[in-house]
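These notebook entries record what I looked up in one structure.

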Amino acid sequence: NSIDRSIKQEKPFENLLPDNLKGTGVVVLGCSAATGKPAEAAVEAATSAMAEASLEAEEAPAAPAAPAAPVEPLELDLDKIGDIAELEAMSLDRLKAALMFLGVKCGGTLEQRAERLWSL
């Protein structure tokens with residue numbers, strides 16, 4: 001309605017809001033006659049509502065991630081690897097691809113995969 005539009009356009013008390021509420025869409029329709037600041041109860045209610053909304057957003061389940069592309073077997077020239085640390089510097093998927101290429105077990109942690117490759 002026209003009252004809502006005029007309030008949103010004027011935003012007469014927005015400069016009186018605490019910093020954490022500025023720009024959030026909270027509109028103060030009045031202020032304390034004694035202090036000239038937004039009524040404490042209104043500010044506390046708005047702060048509480050913002051905190052609850054933030055918590056709800058944090059607790060909401062994350063959207064499922066897109067499935068990762070399947071790892072394809074890929075040769076790794078182990079003669080060019082100086083030590084196990086070089087293998088551990090590679091990604092999990094790269095080590096998995098090398099293990100798959102060799103036809104050996106390809107699961108485990110990065111360290112386990114690197115040790116398995118290094119032992120071959």
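At what angle do helix α4 and helix α5 pack, and how far apart are their axes? I note that the model is predicted, with pLDDT of at least 70 needed for local features and 80 or more for side-chain atom pairs, while totals for chains, interfaces and linings use all residues. Residues are numbered from 1 along each chain as its sequence is written, and side-chain values use heavy atoms, without hydrogens and water.

**Helix pair.** I found that α4 (residues 92–102) and α5 (residues 110–118) pack at about 35°, with axes 10 Å apart. Helices here are DSSP runs of H or I of at least four residues, numbered from the N terminus. Axes are lines fitted to C-alpha atoms over the stretch in contact, and angles run from 0 to 180 degrees between N-to-C directions. In this contact (heavy atoms within 4.5 Å), α4 contributes residues including Leu95, Ala98 and Leu99, and α5 contributes residues including Leu110, Ala114 and Leu117.

**Core.** I looked up the largest nonpolar core, which has nine residues, among them Leu76, Ile81 and Leu87. Such a core joins buried Ala, Val, Leu, Ile, Met, Phe, Trp, Tyr and Cys residues through side-chain atoms within 4.5 Å; buried means under 20% relative accessible area, with a 1.4 Å probe and protein chains only. Beyond its neighbours within four places in sequence, Leu87 is in contact with residues including Leu78, Leu95 and Trp118.

**Loop.** I placed Gly82 in the loop between α2 (40–59) and α3 (84–88). Gly82 counts as exposed because its relative accessibility is 52%, where exposed means over 50%.

Key: Helix = DSSP H or I, 4+ residues; strand = E, 2+ residues; numbered from the N terminus.
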